[in-house]
Amino acid sequence: MGRFLANRIISMLITLFLVITITFFLMHAIPGGPFTREKPLPPKVIEALEAKYKLDQPLWKQYVDYLKGVVTFDLGPSFQRVGVTVNELIAKGFPVSAKIGGGSILLVLLVGIPLGVISALKQNKWQDQVVMVLATLGVTIPSFVMATLIIYIFSSKLGWLPSHGLTSWKHMIGPMIALGGFSLSFVARLTRSSMLEVLQQDYIRTARAKGLSEFVVVGKHALKNALIPVVSYIGPTIAAILTGSFVVEKIFAIPGLGKHFVESVGNRDYTVLMGVTIFYAAFLVLMILIVDILYGFIDPRIKVGD
Amino acid sequence: MAENKSIPKTMWEPIAHEERNKEKISRPSVTYWQDAWRRLKQNKLSMLGLIMIAILFTLAIFGPMIANHTYSDQDLNLTNIPPRFEIYKIDKDTFVHVRRDYTLIQVSEDGEILGKVEETEDNIFQRYRAYKIEGKDIKLDYSLAAKNKDKPNAKKFMLLSDGEELIPYKKVFNKTYWFGTDALGRDLFIRVLYGARISLTVAIVAALVNFFIGVLYGGISGYMGGKVDNVMMRIVDIVSTVPLMLYVIMLMVVMGAGLKTIIIALGLTYWVRMARIVRGQVLSLKEQEYVLAAKTLGASTWRILIRHLIPNAMGPIIVALTMQIPSAIFTESFLSFIGLGVSAPMASWGTLASDALGGLRTYAYQLFFPSIAICITMLAFNFLGDGLRDALDPRLRK
């Protein structure tokens, strides 16, 4: 276990280092500096700005400085918003995004898995068909279409849900569904197929032969084994929800990290772009590590030491 | 012996016709691919998906060729006309449609757009516009709109002809612009068709990248094994921990938005999953006897990989392809939606959807058509992919 962890953490750090390096040099490969405007600034001003943001130093020194900054959790100032640091943006935006993202992961698991189980238990009956049609629709509708549909139908036409902002629990419903819709459908399909496979196994027949109640057979013996592929999908789900937040937060006007990220793409705020990318990468790598460790606990057949 | 010599001639008769074919193998031998195709044909949904993809390609390739205007032709007089609208009868052969911004468009009885009607008076204080059509004084009074602002279903305007209120004559489909026009008076149908071109270009590029880079990378990694495999897979691990979208966004920012950049960005990142799948396949396939046989006969590594291993891994490769293509189309529309896609006036489905956001409440059809186009394409590829997975699975072979 210790060796496994050490290995994983080392490869995690290498990944992060490479991500930082790639983003740094990509951002510095952009033609024109961050202060290139339609109306050119006077050379004196540019000089002063470059000196302020240390852009006049050689590239390798900037790189080393940036690395040092990342290690001490300092991602530098924003180029476009005066007096705001990337750290502040993340500190403000991430809790909002995490609230909605966490909510939609819960939604994916708490709705997706039961739907998949029902569908597997009632194979080829109407329940199964309804779930499969919904799940197929769910993977074909892009999140931005889902989000606009929710606003159009539930906010604009029916007036049930607020259309933007994030002040009450009602505000969370729309974004959560739009964010989680795709993964929910995917998890339902995944649970269904793995449940169907598990229900064919001998140990299920044994459990039934012992006279266990259907509830115990399904809940304890079948579900536990059927969930293994679902657990391995949690990592990609987090990634999907993270990228999904770019558009969903934009559409619902939620002041989360995704919205900042997309805005920084729009107004070419390179430090924010770099900082948030690195933060996302670090967050994901950490989540994947946690899922991997959990995976070892859930499925004892997988030796974490390998 | 004597008996043998005297076999009567009558015994040397040809056997009956039915018996003649008894020795033949009645069922033709079916190859893996023939069998897969046969099973795919039985799956109605996948055939539907296949037909839908074929129609999409045909429309995308030939549609813009035969259309009478292009994606960028705009007519600022004919903006925001919906695909289906109410018409009012002014005279025997004169019909008008009231747009949502309370201006009049002259139309024919079956829904052809004839042009904008120029107003004779535009009184913004008392909220009416006056027109003169066929010698009649038409007054479009939209003062109700302000009063009924919060009631979405209440009446918003009155159309008066010589002082008499007109009631809607009937609802017709737009015959000139099938999907209506957008905020700049461009034909939405043509724009959706051009969007299909972009999406399908992206699909083809993603498929090629997957096929050439992903398959070869995975194949080499799996076949070489050992240290080479280890290093190559570590690279894949590192590339794939960070979501592809982040790389693509970074690349788009660096290289500037545009179709070319999307293609390059997809090319640099989209082979990863395929590489993993192929590697897994090759790892198990390379232990097979036919690889040993090929080696014994002196086949080169390259030949074994290209002629023996990859063709045998083709089933999973094709299934993965049909899953990767829609995800590439998704990525493209996602990028276009956040403003990193093709540049104006060219439009992909994502751009069209994003453009429609502003006027969503009033002109919902502008979002509807590109979204439906994305969904249909996704459905088609998903149906085909599901069918192919079943058809190419040797365990299900009968």
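A: Strands of a sheet pair through backbone hydrogen bonds, either parallel or antiparallel. In this predicted model, chain B has an open sheet of 5 strands, in the order S4-S3-S2-S1-S10, with antiparallel pairing.

Q: Which strands are the edge strands of this sheet?
A: They are strand S4 (113-116) and strand S10 (170-173) of chain B, each of which pairs on one side only. From one strand to the next, the twist averages 40 degrees.

Q: How many bridges join strand S2 of chain B to strand S3 of chain B?
A: Strand S2 (residues 95-98) and strand S3 (residues 104-107) of chain B run antiparallel and are joined by 4 bridges. As for individual positions, B:Val98 stands opposite B:Leu104 in S3(B).

Q: Turning to helices, at what angle do the axes of helix H6 and helix H12 of chain B cross?
A: Helix H6 (residues 188-224) and helix H12 (residues 301-312) of chain B have axes that cross at roughly 110 degrees and come within 11 Å. Angles of 65 to 115 degrees count as roughly perpendicular, so H6(B) is roughly perpendicular to H12(B).

Q: Is the crossing of H6(B) and H12(B) left-handed or right-handed?
A: H6(B) passes H12(B) in a right-handed crossing.

Q: Which residues of H6(B) and H12(B) meet?
A: On the H6(B) side they are B:Val215, B:Leu216, B:Gly219, B:Ile220, B:Tyr223 and B:Met224. They meet residues of H12(B) including B:Trp302, B:Ile304, B:Leu305 and B:Leu309. By class, this contact of H6(B) with H12(B) has 11 nonpolar residues, 2 polar and no charged ones.

Q: How do helix H13 and helix H14 of chain B pack?
A: The axes of helix H13 (residues 314-337) and helix H14 (residues 349-356) of chain B are 7 Å apart, and the packing angle is about 35 degrees. H13(B) passes H14(B) in a right-handed crossing.

Q: Which residues make the contact of H13(B) with H14(B), and how do they divide by class?
A: H13(B) contributes B:Ser333, B:Ser336 and B:Phe337, while H14(B) contributes B:Gly350, B:Thr351, B:Ala353 and B:Ser354. They divide into 2 nonpolar, 5 polar and no charged residues.

Q: Finally, into which domains is chain B divided, and how far apart do their C-alpha centres lie?
A: Chain B is divided into domain 1 (84-173) and domain 2 (188-396). The C-alpha centres of domain 1 and domain 2 of chain B lie 50 Å apart.

Notes: Residues numbered from 1 in each chain as written. Chains lettered and ligands numbered in written order. Predicted model: local features only at pLDDT ≥ 70, side-chain atom pairs only at ≥ 80, totals over all residues. Heavy atoms only, no water. Domains from an automatic or database assignment. Axes fitted to C-alpha atoms, helices over the stretch in contact; angles between N-to-C directions. Helix = DSSP H or I, 4+ residues; strand = E, 2+ residues; numbered from the N terminus. Parallel < 35°, antiparallel > 145°, perpendicular 65-115°, else oblique. Left-handed = near helix turned anticlockwise from the far one by under 90°. Contact = heavy atoms within 4.5 Å. Nonpolar A, V, L, I, M, F, W, Y, C, P; charged D, E, K, R; others polar. Pairing = 2+ DSSP bridges.
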